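Here is a short tour of a two-chain model, written for someone who likes to know how each term is defined. Please have the viewer open as you read.

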Amino acid sequence: MGILEVKNVSKRFGGLKALSDVNLSIKENSVHAIIGPNGAGKSTLLNCLVGKLIPNTGSVMFDGQSVLGRAPYEINQMGISRVFQTPEIFGDLTVLENMMIPCLAKRDGAFELNALAAALTQRDIMEKAEHMLEEMNMADKRHMHAAAMSRGDKRRLEIGMCLSQEPRLLLLDEPTAGMARADTNNTIDLLKQISEQRSITIAIIEHDMHVVFSLANRITVLAQGTPLVEDDPENIRGNPKVREAYLGETA
Amino acid sequence: MLKLTKSDFNLMLLVAALTLLAPFILNPFPTDSAMAQFNAGYPDLMQRFVIFGILAVGFNILFGLTGYLSFGHAAFLGVGSYAAVWMFKLLSMNVLPAIVLSVAISGLFALVIGYISLRRSGIYFSILTLAFAQMMFALAYSVLTPITGGETGLQLALDDPRIFGASQTPGGNIPVPSLFGLEMRESFDLVLGAWVFTFNFGYYFCALVLLASFYLAIRIFRSPFGLMLRAVKSNQQRMNYTGLNTRPYTLAAFVISGMYAGLAGGLMASMDPLAGAERMQWTASGEIVLMTILGGVGTLIGPVLGAGFIKYFENIFSKINDNVLHEWFAFLPDGIENFMVFIIHPFIGKGWHLTLGLLFMLVVIYLPGGLVEGGQKLAAWFQKRGQKTETSKSKIEPAE
């Protein structure tokens, strides 16, 4: 049994069948990549996992519990964190404040009305946030407005924010899209370090094969809304079916 | 001090100084001078300054922190006023129970209206709040006349029960609002040479409530709750995917700011014990938005400044008439004098809205951060100038 079990999931948008009968099992502490050509249904699948979309049929179980019908914040509280294609951070706030928010969410839950405590004197939160910033090599930027940072730094902050919640499953949606080569390599190194040092499962949707083959130890290829193959990276490279899906039949 | 950081404490001191010394600050001109009409230090206007200050501070907790623009906040002001006047009619003329009930009732209304309106965000939220406020205005103006007094408004009467007080004074008059016997209208004049400064008990009562409200607002701004509200404004998507439920946060902010508005309404009725439906009209709601934007959205002191600024204009600019203008320009030749009066005429008296509108446009275009941003720019400019003269000095020194 994997930590995330997707069974017979289908999703239709009107006449378009975005996902049909998807079965997927993600093993605990693995780095599982989901690849596939444009329109294969990768993002739809991801949205079904985090509560943004509800599949028409099938089930999604996380650690033995169904996630279907739960709001995104409830699914996050179960232990699934998501990193977006374009970094979603609190642009108007400082980097330190950005980091404090997930720490508070982890400690206080979905809602807490502590309107009279001073945020900066919450020692446990401050220590955790500062510690996380150091781990992400961002301590010197703590008082910067998050929106003013580079794309790579925003991504680093977003990943740090997700990690500070100590999730069991980290979902990444094309984490290196639109990044310069140096930033891409930094992100790969960061993710490698995370998967080695923490007991965490990473599921990653990616276009860039360089990223996929440097990180993943299991790959699922999605084509036209259905899984084509699931295998180890070595076997995926030479698989004719995968080439066909990516390059067309004549290739 | 007071569990505030140093800069927040200084800000608190500044507001305390401004409000407590207001009778001096707002009366800079001798009573008999031609400029005396620009004096704003009379109790009625000073009370309005601080009451609308409270209203704007509360509105800013919603709009400034979460970014949700309520266009119906005057409804809570009206509800607060009605609640207070009813307490004066039924219970006693003591302002404390009246204000407590105003806050409680408006909080209740805010809970219901907020719960429904906050299902949407952005422009739809604004429209929903506007719709609620207009419905409440219509109810107060006609449908609920037995409770609200309809067009004439809710007034005190000689035969009101006032079970813990007296229906009438021994002289056969309606009693006036008081705090344990201290009447709100009690005033004391201090004559210093050509100046007369008026100290009014009602004003100081309101000023202390403003200080307490302002202090509470600072604490909210700096709390984890305040941080979450700013996060709502910044990125709701990230909040949802960080395990946070944004709804209760926005609802709590809405209720708190509705209670601030109710407090302001209760104080308004305590200063002058009557309540009318016009207090709930959409123009009144719009005025609150203007105050906050003019002063500086999301800043602590901005709304207070904005409220003072607009109320000053409303009461002082609107009093200037053509005769006053003729006096001012009397030194000019007749033709030019008349021409100047003709040019300025549309902007004064009843045309003060025009002046306010122009100023508002200038602020929004050149100082999107409101008066507070203007102050900051000014301070930065002075600092720069100070540094320049210092460096030029140090350049000269070696030459000596």
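Predicted model: local features only at pLDDT ≥ 70, side-chain atom pairs only at ≥ 80, totals over all residues.

In which sense do strand E1 (residues 4–13) of chain A and E2(A) pair, and over how many bridges? The pairing of E1(A) with E2(A) is antiparallel and runs over seven bridges; strands count as paired if DSSP finds at least two bridges between them.

Residues are numbered from 1 along each chain as its sequence is written, and chains are lettered from A and ligands numbered from 1 in the order in which they are written. Helices (H or I, at least four residues) and strands (E, at least two) are DSSP runs, numbered from the N terminus.

**The sheet of chain A**

E1(A) and E2(A) belong to an open, antiparallel sheet of four strands, ordered E2-E1-E4-E5. Strand E2 (16–26) and strand E5 (65–66) of chain A are at the edges with a single partner strand each, so one side of each has no neighbour in the sheet. Helix H1 (residues 42–50) of chain A lies across E1, E2 and strand E4 (57–62), at about 65° to E2(A). Axes are lines fitted to C-alpha atoms, for helices over the stretch in contact, and angles run from 0 to 180 degrees between N-to-C directions.

**Where the chains meet**

The contact (C-beta atoms, placed from the backbone, within 7 Å) takes 30 residues from chain A and 24 residues from chain B. On the chain A side, H3(A) gives the most, with six residues. The classes on that side are tabulated here, with Ala, Val, Leu, Ile, Met, Phe, Trp, Tyr, Cys and Pro as nonpolar, Asp, Glu, Lys and Arg as charged, and the others, Gly among them, as polar.

| Class, chain A side | Count |
|---|---|
| Nonpolar | 20 residues |
| Polar | six residues |

**A helix pair in chain B**

Chain B holds 17 helices and six strands. Helix H13 (residues 302–316) and helix H16 (residues 352–366) of chain B pack at about 155°, their axes 9 Å apart. That angle makes H13(B) roughly antiparallel to H16(B) (over 145 degrees). Ile310(B), Phe313(B) and Glu314(B) of H13(B) make the contact with Trp352(B), Thr355(B) and Leu356(B) of H16(B).

Conventions. Parallel < 35°, antiparallel > 145°, perpendicular 65-115°, else oblique. Contact = placed C-beta atoms within 7 Å.
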